[in-house]
Structures are given as structure tokens and as C-alpha cells.
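Please look over the structure shown here before reading the points below, which are meant for someone meeting it for the first time.

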Amino acid sequence: MIEESTRSDRDYLFEKARKIKESYFGNKIYIRGLIEFTNYCKNDCLYCGIRRSNKNAERYRLSKDEILSCCETGYSLGFRTFVLQGGEDPYFNDERMTDIVSSIKERYGDCALTLSLGERSYESYKALFEAGADRYLLRHETADSEHYAKLHPEEMLLSSRKQALYDLKEIGFQVGTGFMVGSPYQTTESLCKDLEFLYEFKPHMVGIGPFIPHHDTPFKDFDAGSVDLTLLLIGIIRLILPAALIPATTALGTLSSRGRELGVLSGANVVMPNLSPTNVRDKYSLYDNKICTGDEAAECRYCMERRMNSIGSVIAVDRGDSPLLAGSL
Ligand code: SAH
């Protein structure tokens, strides 16, 4: 199925995926306001434009006030989930991070807060959870350890990544993981391992998107991943994890002008418009040609609403927690 599929196989898969999704979520699509708050990173992932070796990256950090003002804008636009994402930036130690988390939760108690800050210790994750963070996104990137070693520097290990994911789950976070589609050296076998790992780990959320080369990385000459394969995998993941929250990612929207709509039609049920201040948007450059870098938060929000309405979906304005939490499943 992954290597060879006909148009009618795919249509059949997507129809099943949509039916399953609708049985849990109706035609609701959840929106998450993404705040890219730092592009400093101590890691050196070979695919990523904000890797520490990229001396051309212009680094920035948002202050606590700037982050809170993104939330304020987001709240007035109807967002009830904020996602703080950044490179692994040691400046945002537990003291600074828990202060930011608790300040957001104090002001916006009816909102969910998602963090995506990379690998940290069990104690650090616990402190962030206790400060009020609800969810955590940490893609495993690839569940094949040999492949993992080709995408990352020596000091990064798939086993540590998995440990971090199990720690997050044990602490009580709603956890998201995922991988890039078409990253250099990926094989069908490694994709099968990704699917097996998803089935075993049972994350609440799964983010996948095509790999897109960045001109200042060692992978600059590799081809981008395939939109069709990404869509196919979204459909398969919906069947494996029927109640998962699956975003139609910005990377998908970057490679295809209707990428996010197609993602939703293949089984995705989350979109993540950008709330970062426009003056830093283009600096959070993980890959080339990222979309929406010039748009104000409000434009992104309403553009997304139009896109979703055009395919018969509606934007939901509640927190959109995982149905697995309600104890009903
Ligand atoms: N530091 C955080 C956030 C990383 S950025 C963390 O480690 O989780 C979020 C995701 O962007 C990564 O997990 C990776 O899967 C994706 N990404 C990075 N570089 C990319 C590229 N060149 N093409 C597509 N996706 C990329």
C-alpha cells in the first residue's frame, strides 16, 4: 500500500479515514495557535534550518511579555489552545519556562497550553506539567535507529527520544509524536517502523509532514518528501489511531497550495495557524519557502477558516482535548 497504490485504493482509504474521523469529531477541525518563541537551538539535526551550526540563522527570542501578547491576540481571535514551540534553547530553563507557563494559565485558564521544546529531563517535564502545561509535542522523527543516526548528530539517540515520550505520558501530558515523510535515507521499512511505533505508543496526537530541504543544512540537495505519500500516511494513521488529533501541517501547505485541505480530506483534524509576531516569522526557518511568513495572526486565522469551510469542515473554538482523556474510550 505504501509503495504502490492505485487512485481507487487511495480514495477507499481516505473515505474510510474520513468516516472514522467524523464518528469521533463530526466535521470539526481544531485550531491551535502556534507561537514560535525562540530559534536558538543547542542541537544540530541535519535537516533543520535552525540547527546550531547554521551561522546564517538570525537568532531571536521572544520575551515573556511578547509571548503573552501573542496569546492575547490569539485569545481574541478565538484560539483556546496555544502551542509554544522553539529550538532547544537553554536560556528557557525550568525557572523561566514554568514562569511563562503559569502566567499564561493564570490569564487564560480556559485554554490548553501545548509545549514543544524538545528533550528535557523527567524532572523538567514534571515541573512544566505542574506549572499548568497540558500537552507536549515531540516528534520521534523516525522509529528506525539506523535512520535516526543518519538524521542526527552522534549524541542524539532514538532511545532517549522514546524515553522522553514515555516520561511525558507517565507524567500526564497529552502527548504528540510524529515524523517527517521523505526525509533523506528513509525507506518503506523505516516508515513501517514509524507506524508500528505509533500503534505501540498510542500518542494522543500525531504530526507528520513532508521533509523540505533548507539551503543552509547538509541536506540542502536532497529532494523534498512527497505530498501524496504524506496524505496516504495520514489516512493510514487515522485508521491505526481513530481518536488521534492529527494536524494538516504547514510543511504540507508549503509543498502544495491546497496541502492542508487535502490533509483534512485524508483524515487530519487539526490546523495550526501562526500567532508569532510577523517580525520574527521568517527567522523561524526550519525549511525553505515556508508559507504565511508575512501574514498577521488574524489573516492566518480567517484564511484557515475559509479553507476549511471550502471543504465542508468547520473550525471548532473549544480546547479540543483528546477524546481519550474523557475516559469514554
Ligand atoms: N525543538 C523542538 C521543535 C522542533 S521543530 C523539538 O525538538 O521537538 C518541529 C518539527 O519540525 C521537527 O520535529 C521536525 O520534524 C520538523 N522539521 C524540522 N526541519 C524540517 C525540514 N527541513 N522539513 C520538514 N520538517 C522539518
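This is a predicted model: local features need pLDDT of at least 70, side-chain atom pairs count only at pLDDT 80 or more; totals for chains, interfaces and linings use all residues.

1. Residues are numbered from 1 along each chain as its sequence is written, and side-chain values use heavy atoms, with hydrogens and water left out.

2. Helix 3 covers residues 94–107, where helices are DSSP runs (H or I, at least four residues) and strands are runs of E of at least two, both numbered from the N terminus. Its 14 residues should span 20 Å at 1.5 Å a residue, and the end C-alpha atoms are 20 Å apart, which agrees; the expected span is 1.5 Å times one less than the number of residues.

3. Within helix 3, M97, T98, I100, V101, S103, I104 and K105 are buried (under 20% relative accessible area, with exposed over 50% and partly exposed in between, for a 1.4 Å probe and protein chains only). These buried residues pack against strand 2 (33–38), helix 2 (64–76), strand 3 (81–86), strand 4 (112–116) and helix 4 (122–130).

4. Helix 4 in turn packs with helix 6 (residues 158–171) at an angle of about 35°, their axes being 10 Å apart; axes are lines fitted to C-alpha atoms, for helices over the stretch in contact, and angles run from 0 to 180 degrees between N-to-C directions. Y122, Y125, K126 and F129 of helix 4 make the contact with A164, D167, L168, E170 and I171 of helix 6, contact meaning heavy atoms within 4.5 Å. By class, six of these residues are nonpolar, none polar and three charged (Ala, Val, Leu, Ile, Met, Phe, Trp, Tyr, Cys and Pro count as nonpolar, Asp, Glu, Lys and Arg as charged, and the others, Gly among them, as polar).

5. Helix 7 (residues 188–201) and helix 8 (residues 227–240) pack at an angle of about 30°, with axes 10 Å apart. That makes helix 7 roughly parallel to helix 8, a term for angles under 35 degrees. On the helix 7 side L191, L195, L198 and Y199 take part, and they meet L229, L233, I236, I237 and I240 in helix 8; this contact has nine nonpolar, no polar and no charged residues.

6. Is S190 buried or exposed? S190, which lies in helix 7, is buried, with a relative accessible area of 0%. Leaving aside neighbours within four places in sequence, S190 is in contact with T142, D144 and H147.

How values were computed
Angles under 35 degrees count as roughly parallel, over 145 as roughly antiparallel, 65 to 115 as roughly perpendicular and the rest as oblique.
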